[in-house]
Amino acid sequence: MFLGGIYKISEHDVMQFNILTTDPNQRINDFHHRMPVIVPAENVEAWMQSKGIGELYQMAKPYQGDLIIYECDSYVDNGRHEGPRCMELIASKLAESSAE
């Protein structure tokens, strides 16, 4: 899976990077107003060779492929939180997903 992003190197040689977001697809829309741009493998080369933001914008569409979605603890809602806890699944949701 490839996430769409842009970067620049500042005048002080600091790399700045952003993951781009787009409108949510139908599954994500149930719980969030946006989602990361997911670049399909067949579009990665075009993404990397693009000449400007207009070309990227044309490729930044809601992802229509299959996604596995797990509920996470609200701990991840704080942008200052980092580490393994941000990747923990809520046990009850993991059990439900395993049963399906």
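Tutor: A charge counts as sitting over a ring if NZ of Lys or CZ of Arg is within 6 Å of the ring centre and within 35 degrees of the ring normal. The model here is predicted, so that local features need pLDDT of at least 70, side-chain atom pairs count only at pLDDT 80 or more, and totals for chains, interfaces and linings use all residues. Residues are numbered from 1 along each chain as its sequence is written, and side-chain values use heavy atoms, with hydrogens and water left out.

Student: Which residue lies over the face of Y57, and where does the charged end of R85 sit?

Tutor: K61 lies over the face of Y57, at 5.6 Å from the ring centre, while the charged end of R85 is placed over the ring of Y75, 3.9 Å from its centre.

Student: How should I read a pocket, and what is the volume of the largest pocket?

Tutor: Rolling a probe the size of a water molecule over the atoms shows where empty space is left. On a 1 Å grid over the protein atoms alone, a pocket is an open set of points where a 1.4 Å probe fits, with protein on both sides within 12 Å along at least five of seven lines, and lining residues have an atom within 4 Å of a point. Grid points are joined across faces, edges and corners, and a volume is the space filled by probe spheres set on the points. The largest pocket holds about 720 Å³ of space, and among its 18 lining residues I28, F31, H32, P36 and Y70 lie nearest its centre.

Student: Which residues lie nearest the centre of the second largest pocket?

Tutor: In that pocket, of about 310 Å³, they are G5, I6, Y7, W47 and M48, out of 13 lining residues.
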